[in-house]
Amino acid sequence: MLYEWLGPLGEEFQLFNLFNYITFRVGGALMTAMIIAFILGPRMIDWLRAKQGKGQPIREDGPEGHIIAKAGTPTMGGLLILLSVVISTLLWGNLKSPFLWTVFMVTAGFGLIGFYDDYLKVKRQSHKGFSGKIRLMLEFIIAALAVWILTGAIPAEGGFNTGLAIPMLKDFWINLGVFFIPFGCLVIVGSANAVNLTDGLDGLAIVPVMIACMALAFIAYLVGNAIFSNYLGVPHVPGSAEVTIFLGAIIGASLGFLWYNAPPAMIFMGDTGSLALGGALGTTAVAIKHEIVLAIIGGLFVLEAVSVIVQVASFKLTGKRVFRMAPIHHHFEKKGWQEPTIVIRFWIIAIILALIGLSTLKLR
């Protein structure tokens, strides 16, 4: 709204011209979302604690220390993140951008799915929410709608809107045609559930999400600029840079949330937050044509998801487990690593992977 109200006044008042710069609005969105999260955090924690009573149910088959240390901690903290992001984006974003609204839609939709799942877990005091098949079906419906919208928003020259860009190959992509929609759905749904699986320790998921958002925001800004994208040889998607406003809001909201989620956590984001944030990352990657790069930048999330897949497949096929417990962060807990050690080391891995993902820009 600020962009639409104050941006046009830039010709008369030079100060207002700042609102026409994406970099300025990204900073504004980040700071606004962070301040909102800081202010509303204590009130929301108290409200959720009063509503939930026993808080998030703790798995009895999980690490022994969790039952005592984490019992009674309220969940659904993703509501704090989403509220901060929504308000900030509405203030600083260009509300005419199809890219902004598409990422917004997926984030909100996945957040609602996660909220209902969290609600059932708290109500039943069980770590099982509603049917996994129904949840996946709803996620794929939302993702399919988002990819369909994006293919209409992205330029269609030479099959580019349904093309898969290959890192390190300049001006080259594979045209997937009608198969791009299911591929895009897999990216979005896979990203959402990978972040969901990572969210198992205090602060473990939220910092890698911020790191991934920073990397994707940088790429989105370059992809949306014809001069930069042409110089680097990356796909140019006009208008996609507006996504950086949304990503900036996520970074700010996540910083505010981390203040209360740092060990020992006062609140958990729950599926409400993890599914929403993962969906936002996946949708952004599809919008800016960097789906494969997302797998590098978000490699920590991929590792967590693969550890679960390997564990389940191994147990069903051989009756043996590869890890002491999956996802893999619990494996290291079972080995005796302290929670802060695991969290900080995983943060370091996330930073390294983000830098590798960004390096693909120049390697082209």
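Guide: The account below begins with the core, continues with several helices and side chains, and ends with some features of the backbone.

The model is a predicted one, in which local features need pLDDT of at least 70 and side-chain atom pairs count only at pLDDT 80 or more, whereas totals for chains, interfaces and linings use all residues. Residues are numbered from 1 along each chain as its sequence is written, and side-chain values use heavy atoms, with hydrogens and water left out.

A residue is called buried under 20% relative accessible area, exposed over 50%, and partly exposed in between, using a 1.4 Å probe and protein chains only. A nonpolar core is a set of buried Ala, Val, Leu, Ile, Met, Phe, Trp, Tyr and Cys residues joined through side-chain atoms within 4.5 Å. The largest such core here has 95 residues, and those with the most contacts inside it are F110, I188, I206, F246, I250, L281 and I297. Helix α8 (residues 206–223) gives the most to this core, namely 14 residues. In soluble globular proteins, nonpolar side chains tend to be buried together. Helices (H or I, at least four residues), like strands (E, at least two), are DSSP runs numbered from the N terminus.

Contact means heavy atoms within 4.5 Å; once residues up to four places away in sequence are set aside, I250 touches V85, V209, C213, L277 and A280. F246 belongs to one aromatic cluster together with W101 and F104.

The expected span of a helix is 1.5 Å times one less than its number of residues. Because 17 of its 19 residues are buried, α10 is largely enclosed by the rest of the structure.

Aromatic rings deserve attention next. Rings of Phe, Tyr and Trp (its six-membered ring) pair if their centres lie within 6.5 Å; planes under 30 degrees apart count as stacked, over 60 as edge-to-face, and the rest as tilted. The whole structure holds 8 aromatic pairs. One of them joins F180 and F183, a tilted pair with 6.3 Å from centre to centre and 45° between the planes. Both residues lie in helix α7 (residues 180–198), 3 residues apart, or about one turn of the helix. F180 is buried, with a relative accessible area of 1%, whereas F183, at 24%, is partly exposed.

Helix α6 has 22 residues, which should span 32 Å, and its end C-alpha atoms lie 31 Å apart, in agreement. Its buried residues are R135, E139, I142, A143, A146, V147, L150 and T151, and what covers them includes α5, α7 and α11.

Helix α11 (residues 270–287) holds D271, which counts as buried because its relative accessible area is 7%. Leaving out residues up to four places away, D271 touches G114, D117, D118, K121, R135, N196 and A276. A polar contact is a pair of N or O atoms within 3.5 Å; within protein, one must be able to donate a hydrogen and the other to accept it, and residues adjacent in sequence count only if both atoms are side-chain atoms. Such a contact, of 2.7 Å, joins the side chains of D271 and N196.

In helix α13 (residues 299–318) one finds Q311, buried at a relative accessible area of 8%. Beyond its neighbours within four places, Q311 is in contact with R321, V322, F323, R324, M325 and A326. A polar atom of the Q311 side chain lies 2.9 Å from the backbone oxygen of F323.

Finally, consider the backbone. Most residues other than glycine have a negative phi, and most peptide bonds are trans. M76 is not a glycine, yet it has a positive phi of about 65°; M76 stands in the loop between α3 (64–69) and α4 (78–92) and is buried at 7%. K289, likewise not a glycine, has a positive phi of about 60°. K289 lies in the loop between α11 and α12 (291–297), and at 1% relative accessibility it counts as buried. The peptide bond from P263 to P264 is cis, with omega near -10°, and P264 lies in the loop between α10 and α11. The bond from A326 to P327 is also cis, with omega near 0°; P327 is placed in the loop between α13 and α14 (328–334).
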